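Work through the exercises below with the sequence and the model open. Try each task before reading its solution.

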Amino acid sequence: MARFCRLIPLLVTLGSSVPCAMSQASIAPLPESSPFTVAEQFLFRSVNAERAAAGLPSLTWSRTLVHAARFHAAQMGSSHTLSHQLQGEGDLLQRASQSGAHFSRVTENVAVGPSLPQMHDALMRSPHHRENILDPNVNSVAIAVLGSHGELWAVEDFAHDLASLSFDEQEQQVSFLLQKSGIPVESTENARDTCEKSSGYVGARPGFVMRYITSDLQRLPEQLKLRIAEHAYTSAAVGACTAPSSRGFASYNIAVLLYR
């Protein structure tokens, strides 16, 4: 008799069951220095192989988010319940933020079945799980696999991690984009002080002030690009300051001052 994999992508109801092979996969751990077990390594490599086949960059292994994934896999295995949130447990955002991860996006696949290869195949044949695996907007993953009640319980947590950058490093990245657009950038503390204000500016009067919160320092806001295209400004200053953070979601807080 065929057994079935059960799968749930985050915020999507339980889908149709997919037949799985009967063989039980080994989950013997690697040496303690290894970041993942043999089973976790199998799914990690499988995910990145799918992304490579789709022309997407490989995901890095999240050493912070994996704590949340392993905790949730253990909870599912011990309760014999497939779910994104079990009774008395925090939701995905709470688990991810409590692990110390800083991200602008996080999604999750959970599955249970008797075989790792067939479990991965079932995930790829489920549209919503496939979307999570092939999401171009994530750059890291944490995977946990636990054997319990004669089955394998798996969690795949995908995230877009934000690099931990100093204010100087953030300002340098934005300044580079402005200079590429033909606007010389001056170094001034006034821009950083302006960033910390909710309105107004500090220092010499600018012709335009743009405050924005972003998770991508490789792009300028469209409104700012339109202003630059007017060719009415001769220089700029860039300031970074602390961005608001909520439940693990992280971002960069930037102010750009354009001068005539």
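**Exercise 1. Which residue of β10 stands opposite C241?**

Solution. The model is predicted.
- C241 faces N253 in β10.
- Now place the pair of strands. β9 covers residues 235–241, and β10 covers residues 252–259.
- The two run antiparallel and are joined by seven bridges.
- In general, strands of a sheet pair through backbone hydrogen bonds, either parallel or antiparallel.

**Exercise 2. Give the strand order of the open sheet, and find the strands at its edges.**

Solution. 
- Four strands make up the sheet, in the order β7-β9-β10-β8.
- The pairing is mixed.
- The edges are β7 (185–186) and β8 (208–214).
- Each edge strand has a single partner, so one of its sides has no neighbour in the sheet.

**Exercise 3. Find the aromatic pair and classify its geometry.**

Solution. 
- A search of the whole structure gives one aromatic pair.
- Its members are F44 and W61.
- F44 belongs to helix α1 (residues 38–53) and W61 to strand β3 (residues 60–61), so the pair ties together parts 17 residues apart in sequence.
- Both F44 and W61 are buried.

**Exercise 4. Describe helix α1: its span, its buried residues and what they pack against.**

Solution. 
- α1 has 16 residues and reaches 22 Å from first C-alpha to last, close to the expected 22 Å.
- Its buried residues include A39, L43, F44, V47 and R51.
- An α-helix has 3.6 residues a turn, so residues three or four places apart point the same way.
- The buried residues of α1 pack against β3, α2 (65–79), α4 (116–125), α5 (127–133), β5 (140–148) and β6 (151–161).
- After α1 comes G55, with a positive phi near 75°.

**Exercise 5. Where is the pLDDT below 50?**

Solution. 
- The protein averages a pLDDT of 82, and 85% of the residues score at least 70.
- Residues 9–34 are below 50.
- Beyond near neighbours in sequence, this stretch has 63 contacts in the model.

Methods
Residues numbered from 1 in each chain as written. Predicted model: local features only at pLDDT ≥ 70, side-chain atom pairs only at ≥ 80, totals over all residues. Heavy atoms only, no water. Phe/Tyr/Trp six-rings, centres within 6.5 Å; stacked < 30°, edge-to-face > 60°. Buried < 20%, exposed > 50% of the residue type's maximum accessible area, 1.4 Å probe, protein only. Expected span 1.5 Å × (residues − 1). Contact = heavy atoms within 4.5 Å. Pairing = 2+ DSSP bridges. pLDDT = per-residue confidence, 0-100.
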